[in-house]
Amino acid sequence: TWPSRLGVGMLGGLCLVMLAIGFNPALGARLYFHPAYDPVWRGLVAQLVHLNASHLLMNLLALLILGWMAHGMGRSGALPGCLIVSALAVCLGLQSETPALAWYVGLSGALHGLAVWLALELAWQTPSRPLRLAALLICAGLAAKLGLGARGGLLANLPVAHNAHL
């Protein structure tokens with residue numbers, strides 16, 4: 001269907017833009033989001049900027065996996081809209097933090113929103129109780145990780161805005 005093709009095309013275009021910014025560090029540095037004084041649209045753009053190649057590749061891989069899951073569930077047409085809403089929620093949340101965050105980049109906060117959306121979609125769509133339970137455990141696991149402030153992983157040495165992932 002055309003919404004599905006549009007969603008896949010937009011996902012591909014988004015990946016290309018993220019790669020293009022990743023190969024131009026000077027451009028990326030100009031696109032950082034400063035929540036205390038930048039407008040929300042700057043926050044949307046800054047989510048396409050990443051701190052280094054590991055950060056970029058991790059988010060690209062997560063985006064492609066979530067896109068593949070959405071496509072498999074017949075929801076790839078809704079993916080761009082859900083990603084925009086999730087990214088907007090990250091921007092608004094960052095702007096309301098006190099004290100204000102100095103700067104922000106990266107897509108992982110919005111990707112957490114997509115993961116929860118897909119898990120809830122799976123729980124809603126499937127007649128299988130084990131799959132529903134798995135979907136709800138994904139949501140609970142993400143919430144527990146964020147609530148407990150789990151740190152470390154591939155980005156252990158980078159500054160992570162943990163509240164952006166809520």
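Is His50 buried or exposed? Before I answer, note that this is a predicted model. His50 counts as buried because its relative accessibility is 13%, and buried means under 20%.

Where does His50 sit? You will find His50 in the loop between H3 and helix H4, which spans 53–72. Its side chain makes a polar contact of 2.9 Å with the side chain of Asn59. Leaving out residues up to four places away in sequence, His50 touches Met18, His55, Leu56, Asn59, Val105, Gly106 and Leu107.

Two of those names, Met18 and Leu107, come up again in the largest nonpolar core. That core has 25 residues, and Met18, Leu63, Leu83, Leu107 and Leu114 touch the most other members. At least two residues of this core come from each of H1, H4, H5 and helix H6, 108–125. H6 gives the most, with 6 residues. Another core lies apart from this one; it has 6 residues, including Ala46, Cys91, Leu94 and Tyr104.

Now take Leu83. Setting aside neighbours within four places in sequence, Leu83 is in contact with Leu14, Leu63, Leu107, Ala110 and Leu114.

Leu83 also leads us to the second largest pocket, where Leu14, Leu48, Pro80, Leu83 and Ile84 lie nearest the centre, out of 14 lining residues. The volume of this pocket is about 250 Å³. H1 (2–22), H3 (40–46) and H5 (79–95) each supply at least two lining residues, and H5 has the largest share, with 5.

What is the lining made of, by class? The lining of the second largest pocket has 12 nonpolar residues, 2 polar ones and no charged ones.

Technical notes: Residues numbered from 1 in each chain as written. Predicted model: local features only at pLDDT ≥ 70, side-chain atom pairs only at ≥ 80, totals over all residues. Heavy atoms only, no water. 1 Å grid on protein atoms, 1.4 Å probe; cavity = no way out; pocket = protein on both sides within 12 Å on 5 of 7 lines; lining within 4 Å. Points joined across faces, edges and corners; volume = space filled by probe spheres on them. Helix = DSSP H or I, 4+ residues; strand = E, 2+ residues; numbered from the N terminus. Nonpolar A, V, L, I, M, F, W, Y, C, P; charged D, E, K, R; others polar. Buried < 20%, exposed > 50% of the residue type's maximum accessible area, 1.4 Å probe, protein only. Polar contact = N/O pair within 3.5 Å; in protein donor to acceptor, adjacent residues only side chain to side chain. Contact = heavy atoms within 4.5 Å. Core = buried A, V, L, I, M, F, W, Y, C linked by side-chain atoms within 4.5 Å.
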